[in-house]
Structure formats: structure tokens, C-alpha cells
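Here is a short briefing to read with the model open beside you. Have a look around first, and then we can go through it topic by topic.

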Amino acid sequence: MNNKPHHEGDPSEVEFTEAPTRSWWFKPRAFSIVWGNDDRYWSVPKVGGPAELLQVSWLEVTSIMPSSEDNIVAGKKYAISFRLQMKQGAFGWNGCSVCLMCKIGQRGKYTAKKIKLVDQPETDEEFETEKLEVTVPADANDMRLYFGLYEVWSGRWKGGLLIHGARVQEQV
């Protein structure tokens, strides 16, 4: 186990593409994951592959897209979604929603969408969550996009979730 219990996101694990629309792909190591360095709870790959939630009662997987002239633009709309997979034998998700949340700037107001993972079939197939859209205010000073996947309210233990990554896509 690492000395720090939480995995810190690596910004170099984000890929940018311009066509057909501007988008950013966040690989598993791009996320800050609460308890992500504790192999009792998570398996975070060194290279390639999904991050695997083994068991936690506090799901918090977050990332930040820093502001730069190549990133988000004031007045534009962006959609955020996660690419997930439920392993056979996943547990703790019945009656429990995860929350996809985002905000613009550290002091921004969160926008959220509840996602029911129990509705996803337990197969070996990946799926994309519903998209959460956010519009960057025209007068925003802090242009960083904060987003994440959370389930911190039920207190139930859950496991068997694979996180393949997340996409932030500019909307036209």
C-alpha cells in the first residue's frame, strides 16, 4: 500500500482530440480517487486498463480540466460522461444512485445528475453514462472544469465497478 491512501490524478493522462468536435478523454490514472492507493479498496492500473472498485462505502472519483487557451471557452457548453462497466457479481448498487457532478471554477456552483447503475445489466460490456451538460459563464474568471462521480450518501459497501475513463466534449 502507498503511504498516501488516496490516488492523485495525473494531468498527463488526458488526451485531446479536435475532430469531429473538441473533446478530452480522461484515462483512469487522470482521476483523483479516494482510497485509490489502498489495494483493499481499488485496483488502479499503472498502464492501460480500467480502475477497478473492489469495495468502498465512499465513492469519490474526480478530475479537473485546467484552464488554458486550448481548453474550455467562456459561453460554450460542454458534456461530461463516464465510460463504466459492471463486473459479474457487482454488489451494493441496488436502490443506490451515483451522482455525476461538475462545476466551473473552484467557487462555482455544482450541477448534478443522478445515475442508477442497478439499471445497467451485469455483463462484460462497457457503457457510457448519461451526459451532464454545463455552460461556461461568459464572465467566469476561473475557467477550470471540476467533475466527478460520487456515491457518498448511502453508507453501503459497494464493489464490482470498472471505470474506463471519462469524456468532456464541447457541444456545437
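How many residues does the hairpin use to join β1 to β2? The hairpin joins these strands through five residues. Please keep in mind that this is a predicted model, where local features need pLDDT of at least 70, side-chain atom pairs count only at pLDDT 80 or more, and totals for chains, interfaces and linings use all residues. Residues are numbered from 1 along each chain as its sequence is written, and side-chain values use heavy atoms, with hydrogens and water left out.

**Strands and sheet**

- Strands here are DSSP runs of E with at least two residues, numbered from the N terminus, and two strands pair if DSSP finds at least two bridges between them.
- Strand β1 (residues 14–17) pairs with β2 in the antiparallel sense over four bridges, and Thr 17 has Ser 23 in β2 as its bridge partner.
- Five strands form an open sheet with antiparallel pairing, in the order β3-β6-β12-β8-β9.
- β3 (32–33) and β9 (111–116) are at the edges with a single partner strand each, so one side of each has no neighbour in the sheet.
- β8 (residues 97–104) and β12 (residues 145–151) run antiparallel and are joined by six bridges; Ile 104 stands opposite Leu 145 in β12.

**Nonpolar core**

- A nonpolar core is a set of buried Ala, Val, Leu, Ile, Met, Phe, Trp, Tyr and Cys residues joined through side-chain atoms within 4.5 Å; buried means under 20% relative accessible area, with a 1.4 Å probe and protein chains only.
- The largest such core has 40 residues, and Trp 42, Phe 82, Leu 145 and Phe 147 have the most contacts inside it.
- β7 gives the most to this core, with six residues.
- Leu 59, in strand β6, is buried with a relative accessible area of 0%.
- Leaving aside neighbours within four places in sequence, Leu 59 is in contact (heavy atoms within 4.5 Å) with residues including Trp 42, Trp 93 and Leu 149.

**Aromatic rings**

- Rings of Phe, Tyr and Trp (its six-membered ring) pair if their centres lie within 6.5 Å; planes under 30 degrees apart count as stacked, over 60 as edge-to-face and the rest as tilted.
- The whole structure holds eight aromatic pairs.
- One of them, Phe 31 with Phe 147, is edge-to-face at 6.4 Å centre to centre and 85° between the planes.
- This pair links the loop between β2 and β3 with strand β12, across 116 residues.
- Phe 26, Phe 31, Phe 82 and Phe 147 form one aromatic cluster.

Definitions and conventions:
Buried means under 20% relative accessible area, exposed over 50%, partly exposed in between (1.4 Å probe, protein chains only).
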